[in-house]
Amino acid sequence: MPSLVNAETDERDALLAFLAAQRGGLRRAVLGLSEEQAAGTPTVSSLSLAVLIKHAARCERFWITENLLQQGGGEESASMERWADEYRLVEGDTLAGWLAVYEQVAAETEKAVRELPSLEVDFPLPVAPWFPPNSRRTARWALLHLIQETARHAGHADIIRETVDGKVAFQLLAEEQGTPWN
């Protein structure tokens, strides 16, 4: 873990802090890169760093806003075109734009989770072939799922970033904090 998460005061704080730490790993992976570098695909994967930021932002909003809070989404959300656009940059997509969206989504998540009466609030899982029909999950589950998903993509981002210019997560953390890297 490249950054130490503060000691938690309760479960809600702990879950939000660990999610924030993983978001930080994704954001650090693009630290100092140009739009072109962030959009590049230097590995055999079609994923770029900018696409990982885009996907993480959209994924978090999908789980918190559309599913947990049951706001927005619907048919447009589930379209195949939208799914495909999740994994590529489209006209108008920029790293700076998606970083701003990701920051907004993080604030929305923080507010939504803090306002829940409890982490036991539940919601129906979306209809998808990989989810059992009529299944429900709790806010706790959604946060744990987002931590898992974001951590996986932060790891992907570490590999892509190291391929771009050789910088590793601890080095980027030092740069972000303005401390020496040896």
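**Exercises on a predicted helix pair**

Helix α1 crosses helix α7 in a left-handed sense, where left-handed means that the near helix is turned anticlockwise from the far one by less than a right angle. This is a predicted model, in which local features need pLDDT of at least 70, side-chain atom pairs count only at pLDDT 80 or more, and totals for chains, interfaces and linings use all residues. Residues are numbered from 1 along each chain as its sequence is written, and side-chain values use heavy atoms, with hydrogens and water left out.

**Exercise 1.** Describe how α1 and α7 pack.

Step 1: helices are DSSP runs of H or I with at least four residues, numbered from the N terminus, and here α1 covers residues 11–28 while α7 covers residues 139–165.

Step 2: the angle between them is about 20° and their axes lie 8 Å apart, the axes being lines fitted to C-alpha atoms over the stretch in contact, with angles from 0 to 180 degrees between N-to-C directions.

Step 3: α1 is therefore roughly parallel to α7, a label for angles under 35 degrees.

**Exercise 2.** Identify residues that make the contact of α1 with α7.

Step 1: with contact meaning heavy atoms within 4.5 Å, α1 contributes residues including Leu-15, Phe-18 and Arg-23, and α7 residues including Leu-143, Ile-147 and Arg-161.

Step 2: by class, this contact of α1 with α7 has 12 nonpolar, four polar and five charged residues.

**Exercise 3.** State how much of the protein is buried.

Solution: taking buried as under 20% relative accessible area (1.4 Å probe, protein chains only), buried residues account for 43% of the 182 residues.

Technical notes:
Helix = DSSP H or I, 4+ residues; strand = E, 2+ residues; numbered from the N terminus. Parallel < 35°, antiparallel > 145°, perpendicular 65-115°, else oblique. Nonpolar A, V, L, I, M, F, W, Y, C, P; charged D, E, K, R; others polar. Buried < 20%, exposed > 50% of the residue type's maximum accessible area, 1.4 Å probe, protein only.
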